[in-house]
Amino acid sequence: MGKKELETRLIHSYFDRKQHYGSLAHPLYQTSTFVFDDAQQGEARFSGNESGYIYSRLGNPTVSELEKKMADLEEGEEAIAFASGMAAVSGVLIHLLKAGDHILISEGVYGCTFGFLEMVKEKFNIDFDLMEMNSENMIRTMIRPETKVLYVETPINPTMKLVDLEMVIKIAKEEGIRVVVDNTFCSPYLQQPLTLGADYVIHSATKYISGHGDVIAGIAVGPAEEMETIRMTTQKDIGGVLGPFDAWLLLRGLKTLALRMDRHCYNARYVFDLLKDNPNVKNIFYPGDPNFSQHELAKRQMKDFGGLISFELQGGKEAAQRFMNELKVIQVAVSLGDAESLIQHPATMTHSVVPEVERKKMGITNSLVRLSVGLESPKDVWNDMKQAFDKTYAKV
Ligand SMILES: *Cc1c(COP(=O)(O)O)cnc(C)c1O
């Protein structure tokens, strides 16, 4: 039998049920350490002469199960689970970069990824440039002899701008540079960058992978040999490992990823179709919008358009905040990809650390809100927005 479809692989497991009383669901190994038969076995485990678990910072069966599944879903060789998306980002980048190196980043990158790069620039002399990666020539111009990594997020938060992965990967291959893709916004269900030739994929598994808003977690997927190095260096020695129960929750969440993503995408389309005709809305940033500047790229690169919509309201920050305060079904919170619809105001929340000039350049105005469309009835999500629009603009 050939390889099963992604929807099937999301559900089925790697563990041998016979060794676990036939348990249908994943066993949870909530343990810090593993007892050896004797001193000699401990010696053999540490020397690598015998495989087996030692201590949960170095590996845990429940966490391994998640790692095997994520590697499979992203079509990569090996995955490592981390304590957060940021632990995965920093773990991979510390592995790939050393003092004197340079990294090119797609503009609008996740705020803490930017913060991490600023920190390593100052402390460890690793330089970086942010750029809108939409032109092959511009990317080539920005590449220096010291450039080791092209770091891409697509679509980017909150402007939903895309980066053409095939283009970036082609340049990187020609220049001998590694490509790292933060695939958080798509999940492997909508986009699999490794199949296009990217070297590493990173997830904030806190978002769609979990899907239930109850875990902070990260995943990195990449080439086996290097992932093994990461496991034994940046992960083991810096220590941002995922706990077994969080891994168990992610395994549980993954079973419904395909169903959830389909519904997120459907609901976002439903909301967009009504939002686009609303006179109180100025600009909508949604890859599924036929008028979106990169709609064709989105159609080619993503299986569907995702569950995120950003839009500007008439009346600036005051109207945006009033609108958010009137919502009852949609919750005011950062994060995304949860069952609950969530709305946030990037200029004063996720991107408040970015200087205003930079924000303006990226298109993050004070009128902009970002909606993560959840799994509720789309009618209720829209009705909630409609009553909030009515109240917001009645009061003006
Ligand atoms: C949330 C997020 C991160 C960071 O993940 P945490 O799990 O919060 O550490 C990184 N990248 C993107 C695109 C995110 O949305």
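How many residues of domain 1 are in contact with how many residues of domain 2? The points below take this up first, then turn to the ligand.

1. Domain contact. The model is predicted. In it, 33 residues of domain 1 are in contact with 35 residues of domain 2.

2. Domain layout. Domain 1 spans 6-254. Domain 2 spans 257-394. Their C-alpha centres lie 27 Å apart.

3. Ligand site. The ligand takes up the space of the second largest pocket. The residues around the ligand are Ser84, Gly85, Met86, Tyr110, Glu153, Asp182, Thr184, Phe185, Ser204, Thr206, Lys207 and Ala217.

4. Shell make-up. By class, the shell around the ligand has four nonpolar residues, five polar and three charged.

5. Ser204 takes part through its side chain, where an N or O atom is 2.8 Å from an oxygen atom of the ligand.

6. An N or O atom in the Asp182 side chain is 2.7 Å from a nitrogen atom of the ligand.

7. Ligand cover. On its own, the ligand has 380 Å² of accessible area. The protein covers 92% of that area.

Key. Residues are numbered from 1 along each chain as its sequence is written. This is a predicted model: local features need pLDDT of at least 70, side-chain atom pairs count only at pLDDT 80 or more; totals for chains, interfaces and linings use all residues. Side-chain values use heavy atoms; hydrogens and water are left out. A residue is near a molecule or strand if one of its heavy atoms lies within 4 Å of it. A polar contact is a pair of N or O atoms within 3.5 Å; within protein, one must be able to donate a hydrogen and the other to accept it, and residues adjacent in sequence count only if both atoms are side-chain atoms. Accessible areas come from the Shrake-Rupley method with a 1.4 Å probe; for residues, only the protein chains shown count as cover. On a 1 Å grid over the protein atoms alone, a cavity is a set of points where a 1.4 Å probe fits but cannot get out, and a pocket is an open set with protein on both sides within 12 Å along at least five of seven lines; lining residues have an atom within 4 Å of a point. A molecule sits in a cavity or pocket if more than half of its atoms lie within 2 Å of its grid points. Ala, Val, Leu, Ile, Met, Phe, Trp, Tyr, Cys and Pro count as nonpolar, Asp, Glu, Lys and Arg as charged, and the others, Gly among them, as polar. Domain bounds come from an automatic or database domain assignment. Contact means heavy atoms within 4.5 Å.
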